[in-house]
Amino acid sequence: MAGGTCPYCGAPVGPAAAECEFCGRTLTAQQPTQQPYVQQPYTQQPQAQQPYAQQPYVQQTQPQIVIQQTAPPQAYMPDINPAWPIRSKVVAGILALLLGGLGIHKFYLGKTGMGILYLCFSWTAIPALVGLVEGIIYLCSNDESFQLKNHVRIV
């Protein structure tokens, strides 16, 4: 084959090359050469098209729009760790209301440092008031915020 370009990949090939160095295909003398584009003059009549019944059917594909539905926010809990302990929100709220001055609800939720702090200051009325407020917050909060705030899973 004479020098030029490979008809398969367009890479330059030498005049005595039997195969293309880039794509590895065998080059033969019968391979078609690329015809340069020649613009038709404006005076030429357009070619008549065949009727639709004789033309082969070509299916045109339209771009498809895919809409992914996400789960509702109530069912989607992204940061819930399966290693967190299982606790009850109602039990934590009742413990905070009744025994909040001693910090029993903090021990129940696994926050022993805060529980000890509540015990140390139990002789004042401050832990009892804070425990009362926390009990109301525990009972009024939704499940997801209770789990994320206290790092527990709900029963």
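This report describes the surface, salt bridges, nonpolar cores and selected contacts of a predicted model.

## Basis of the model

Residues are numbered from 1 along each chain as its sequence is written, and side-chain values use heavy atoms, with hydrogens and water left out. In this predicted model, local features need pLDDT of at least 70 and side-chain atom pairs count only at pLDDT 80 or more, whereas totals for chains, interfaces and linings use all residues.

## Nonpolar surface

A nonpolar surface patch of about 1,000 Å² is formed by V90, I94, L97, L98, L99, L102, F107, I116, L119, L132, I136 and L139. Patches of this kind are made of residues with over 30% relative accessible area and no salt bridge, nonpolar side chains (Val, Leu, Ile, Met, Phe, Trp, Tyr) being joined within 5 Å and like charges within 9 Å; the accessible areas come from the Shrake-Rupley method with a 1.4 Å probe, and for residues only the protein chains shown count as cover.

Two or more residues of the patch come from each of α1 (89-99), α3 (112-120) and α4 (126-140), where helices (H or I, at least four residues) and strands (E, at least two) are DSSP runs numbered from the N terminus. Helix α1 gives the most, with five residues. L99 lies in this helix and is partly exposed, with a relative accessible area of 38%; buried means under 20%, exposed over 50%, and partly exposed in between (1.4 Å probe, protein chains only).

## Salt bridges

Side chains of opposite charge can pair when their charged atoms come close. A search of the whole structure finds two salt bridges, each defined as a side-chain nitrogen of Lys or Arg within 4 Å of a carboxyl oxygen of Asp or Glu. In one of them, the side chains of D143 and K89 meet at 3.2 Å, N to O. This pair links distant parts of the chain, with D143 in helix α5 (residues 143-150) and K89 in helix α1, 54 residues apart. D143 counts as partly exposed at 38% relative accessibility, whereas K89 counts as buried at 14%.

K106 forms a salt bridge with E134, and the closest N and O atoms are 3.2 Å apart. K106 lies in helix α2 (residues 104-108) and E134 in helix α4, so the pair ties together parts that are 28 residues apart in sequence. K106 is buried at 5% relative accessibility, and E134 is buried at 16%.

## Nonpolar cores

The largest nonpolar core has six residues in all, namely A92, A96, L109, Y138, F146 and V152; a core is a set of buried Ala, Val, Leu, Ile, Met, Phe, Trp, Tyr and Cys residues joined through side-chain atoms within 4.5 Å. A second, separate core of five residues includes C6, V13, C20 and L27.

Leaving aside neighbours within four places in sequence, V152 is in contact (heavy atoms within 4.5 Å) with W84, P85, R87, L109, F146 and Q147.

N150 lies in helix α5 and is buried, with a relative accessible area of 3%. Its side chain is joined to that of K111 by a polar contact of 3.3 Å, the term meaning a pair of N or O atoms within 3.5 Å, where within protein one must be able to donate a hydrogen and the other to accept it, and residues adjacent in sequence count only if both atoms are side-chain atoms. Not counting residues up to four places away in sequence, N150 touches L109, K111 and Y138.

I80 is found in the loop between β2 (12-13) and β3 (86-87) and counts as partly exposed at 22% relative accessibility. The C-alpha atoms of I80 and H151 are separated by 7.8 Å, although these residues are 71 residues apart along the chain. With residues up to four places away in sequence not counted, I80 touches Q147, L148 and R153.
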